Amino acid sequence: MNPHRQRWSQALDGVRRRVEALPSYRRSGCIVRATGMVLEAVGLRIPLGGVCRIELAGHGHDAGLQYAEAEVVGFAGERLYLMPLEEISGLQPGARVLPLDEGSDGLSARRFPLGEHLLGRVLDSSGRPLDGKGGLGEVPHASLQTPPLNPLNRAPIDRQIDVGIRAINGLLSVGRGQRMGLFAGSGVGKSVLLGMMARYTRADVIVVGLIGERGREVQDFIDNILGEEGLRRSVVVAAPADTSPLSRLQGAAYATRLAEDFRDAGHDVLLIMDSLTRYAMAQREIALAIGEPPATKGYPPSVFAKLPKLVEKTGNGPRGGGSITAFYTVLSEGDDQQDPIADSARAILDGHIVLSRALAESGHYPAIDIEASISRAMTAIVTDAQQRKAQQFKQILSKYQRNRDLISVGAYAPGHDPQLDQAVKLHPQLERFLQQRIDERAGIEETLQALDALIPTPREQGR
């Protein structure tokens, strides 16, 4: 046979096989109602969490049909409640709704890029590049759904991780695989602190999830806070505030899935998510839109069910494997630490670092309120000597803060209270220890030396 004809025959055989593999029919439904962010469709059976495509009328003389992806977020009887993943323009009454992948249940159709080839890239919540550096090439893809880890198979938190921040390394030590909350109001320096951690933390890989933040802050965080050095070993997932609430939820899930993939490959991962509150607000928007009743301060019960499901995916893997050390920012409305999301986050995280507006306004950076902050894993990862010094540091600082008003008005007289005398004497040095420039890195060894010089080792009394 002629080689040219043989090639044509092989190509036609390939086309024939692909055509024969296609289903003999296409299932479809139609849009019957669009109210706010929720679309209602009939005529399809797609499971909760499944994804479909909606036909949109194109614009222009030669524009054909266009498609928008949507996810099933609820149903009532035969009606599906759909939430678009992007802005819909050109939606018409009766628009056709198609399963994303014909012959699939819809749940496994959406697969997201993973792997080390993504380091140094900035992606949206669907895994598409935002940084203008071209396509991703041939990278592995996987679903966002992963089975939960058996809690008895997790490695314990028994080793300190160096975050490069003196106040945290010395007084709020964080363990490998620990989940910490960064509680702050607006404008107190949380993004700068996160950037310092991203640059200075001893981790193999950094995954940053910017969820629900202003679009300007995404560029600023990448260029000015994360920096070129930090970005080189990072993957950034950005789902700004102007994206759909479903896209914001997906962005947080995708960032967590990336961290899980790196952990399963044996890496020590630092996951930074800014912010957990915006994630909760996105779920609140969806839940209220499909009719779920509000419970606490307008938050439906599903919000408080989703938070631990997201957070519990992080942490240590099996013994001898990788880890995910996670920092989640939690916005406190009006610096109210009793905000329901802040209260719920405190219960499911392994500690919290509180940033104080009063400290920030006085020029104290990072504005960490040491008295209000705690690391629940610290006792398991530091020596008894460091634990005692940290406790003594807090006691001295607290003694000064309780008597600050007396000292400022001149009512303090030395010689009456030895503990207060020591607090007044050491206070300038304590403040210098807690403050740190943005371009300054403080490792664990350096921090412990500074703490030893500041707090003398107490004498062992009868021990």
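Two strands are taken to pair if DSSP finds at least two bridges between them. Strands (E, at least two residues) and helices (H or I, at least four) are DSSP runs, numbered from the N terminus. The model is predicted: local features need pLDDT of at least 70, side-chain atom pairs count only at pLDDT 80 or more, and totals for chains, interfaces and linings use all residues. Residues are numbered from 1 along each chain as its sequence is written, and side-chain values use heavy atoms, with hydrogens and water left out.

Strand S6 (residues 96–99) pairs with strand S1 (residues 29–35) in the antiparallel sense, over 2 bridges. Cys30 stands opposite Arg96 of S6. Strand S3 (residues 51–56) also pairs with S6 in the antiparallel sense, over 3 bridges. Here Cys52 faces Pro99 of S6.

Accessibility was classed by relative accessible area: buried under 20%, exposed over 50%, partly exposed in between (1.4 Å probe, protein chains only). Cys30 is partly exposed at 27%, whereas Cys52 is buried at 0%.

Salt bridges (a side-chain nitrogen of Lys or Arg within 4 Å of a carboxyl oxygen of Asp or Glu) number 21. One of them joins Arg96 and Glu55, at 2.9 Å from N to O. Arg96 lies in strand S6 and Glu55 in strand S3, so the pair ties together parts 41 residues apart in sequence. Arg96 is partly exposed, at 33%. Glu55 is buried, at 10%. Another salt bridge links Glu217 to Arg214 at 2.4 Å. Glu440 and Arg437 meet at 4.0 Å. Salt bridges with shared partners join Arg166, Arg437, Asp439 and Glu440 into one network.

The largest pocket holds about 990 Å³ of space. A pocket is an open set of points on a 1 Å grid over the protein atoms alone, with protein on both sides within 12 Å along at least five of seven lines; lining residues have an atom within 4 Å of a point. The volume is the space filled by probe spheres set on the points. Of the 29 lining residues, Gly49, Glu71, Gln145, Leu249 and Lys306 are the closest to the centre of the largest pocket. Helix H7 supplies the largest share of the lining, 5 residues.

Conventions: On a 1 Å grid over the protein atoms alone, a cavity is a set of points where a 1.4 Å probe fits but cannot get out, and a pocket is an open set with protein on both sides within 12 Å along at least five of seven lines; lining residues have an atom within 4 Å of a point.
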